Amino acid sequence: MTETSLSAPTLRVDGVCKTFSGHKAVDDVSFSLNAGERVAMLGHNGAGKTTLFKIVLGFLKRDHGDVAVMGAAPGSHDARVGTAYLPESVAFPASLTGKEVLTFYARLKGESPARALPLLERVGLAEAAKRRVGTYSKGMRQRLGLAQALVGRPRLILLDEPTTGLDPISRQTVYELIGEIAGQGTTVLLSSHALTELEARTDRILILSKGRLVADDILSRLRAQAGLPIRLKVWTRPEDLAHVSESLGGGQMNGRSVEFNCNADDKVKALSAISALGNLVEDVDVHAPSLDDVYRYFSSSAGKEA
Ligand SMILES: Nc1ncnc2c1ncn2[C@@H]1O[C@H](COP(=O)(O)OP(=O)(O)OP(=O)(O)O)[C@@H](O)[C@H]1O
């Protein structure tokens with residue numbers, strides 16, 4: 001067996017470059033994704049996310065570098081049968097019903113419609129299965145798109161802004177499905193600007209800035225690399241405010257709380273100091289840097305270097 005063996009990365013991108021009329025849309029990008037990983041690709045508008053997706057799907061030719069999709073060339077038969085894609089705005093023939101759309105895609109992918117149709121229920125469209133797609137809301141079309149992408153159990157699925165325009169419950173359904181298919185070994189690469197919702201629902205973060213990959217790791221390690229402080233907020237009675245603040249080495253006093261920052265390495269020490277205050281402390285909030293903070297750090301560092 002060569003690279004197509006199961007232990008090989010599902011997707012390997014190696015030194016890929018793409019230039020449009022002298023503008024570097026993708027600049028020497030390399031990363032590998034393994035089976036069952038849920039990976040978020042983040043980046044500002046025009047960072048190169050869609051261009052990379054199109055290169056992986058074989059829709060666009062790269063100028064330099066290598067891409068292997070399950071060991072095969074992008075766009076080749078072997079790559080296409082194992083890969084699914086959900087674009088940001090998905091369109092289906094308005095006169096077909098949801099069930100007809102899914103049956104059509106099942107046949108196209110060589111899957112039995114009987115195996116594919118339960119996906120409609122999974123994305124919450126069972127009751128609308130016999131309605132024409134033309135009557136669907138944007139969120140319903142997007143969920144039908146997700147069901148379509150899951151037909152045939154792809155090994156790699158690329159989702160471009162999969163939750164845009166969805167209500168909170170539908171967003172949750174999308175992430176549950178992503179978790180389920182990743183649990184079955186599918187690699188999920190999704191692009192998104194919705195950082196807050198990604199934080200707990202992806203395993204790894206890739207950040208693109210001006211075509212360059214400026215971060216690639218799990219969130220906790222990116223937090224550590226960024227060295228961003230942890231913010232602690234200690235709740236106390238107004239009459240104890242000054243004493244609590246002084247005992248904790250100073251900190252901003254806000255009516256009923258004292259706030260201060262500490263490094264990730266000093267977190268346990270700071271919590272011990274808070275705990276030593278006993279009954280003076282009514283509550284404690286610990287705010288680790290969010291994905292938003294980490295994203296801003298890596299994007300702005302890249303901007304400064306450029
Ligand atoms: N076909 C094309 N011809 C010329 N320039 C292009 C083409 N496709 C993309 N670009 C340019 O390449 C850069 C990267 O675009 P891309 O669509 O990949 O960004 P993106 O990260 O997906 O952005 P968004 O978050 O807005 O979807 C942009 O400057 C864009 O204008």
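At what angle do helices α6 and α7 pack, and how far apart are their axes? In this predicted model, α6 and α7 (residues 168–183) pack at an angle of about 5°, with 11 Å between their axes.

## Domain organisation

The protein chain is divided into domain 1, comprising 11–82 + 154–224, and domain 2, comprising 229–288. A distance of 40 Å separates the C-alpha centres of domain 1 and domain 2.

An unreviewed UniProt entry carries the annotation "domain: ABC transporter" for residues 11–235.

## Packing of α6 with α7

The angle between α6 and α7 is about 5°. Angles under 35 degrees count as roughly parallel, and α6 is therefore roughly parallel to α7.

On the α6 side, the contact is made by Gly139, Arg143, Leu146 and Leu150. Their counterparts on α7 are Ser170, Val174, Leu177 and Ile181. By residue class, the contact of α6 with α7 comprises 5 nonpolar, 2 polar and 1 charged.

## Packing of α3 with α6

Helix α3 (residues 98–108) also packs with helix α6 (residues 138–150), here at an angle of about 25° and with the axes 9 Å apart. This angle makes α3 roughly parallel to α6. The crossing in which α3 passes α6 is right-handed.

From α3, the residues Gly98, Val101, Leu102 and Tyr105 form the contact. From α6, the contributing residues are Leu144, Ala147 and Gln148. The residues of this contact of α3 with α6 fall into 5 nonpolar and 2 polar, with no charged.

## Summary of the helix pairs

Technical notes. Residues numbered from 1 in each chain as written. Predicted model: local features only at pLDDT ≥ 70, side-chain atom pairs only at ≥ 80, totals over all residues. Axes fitted to C-alpha atoms, helices over the stretch in contact; angles between N-to-C directions. Helix = DSSP H or I, 4+ residues; strand = E, 2+ residues; numbered from the N terminus. Parallel < 35°, antiparallel > 145°, perpendicular 65-115°, else oblique. Left-handed = near helix turned anticlockwise from the far one by under 90°. Contact = placed C-beta atoms within 7 Å. Nonpolar A, V, L, I, M, F, W, Y, C, P; charged D, E, K, R; others polar. Domains from an automatic or database assignment. UniProt positions renumbered as here; feature names shortened; annotations may be inferred.
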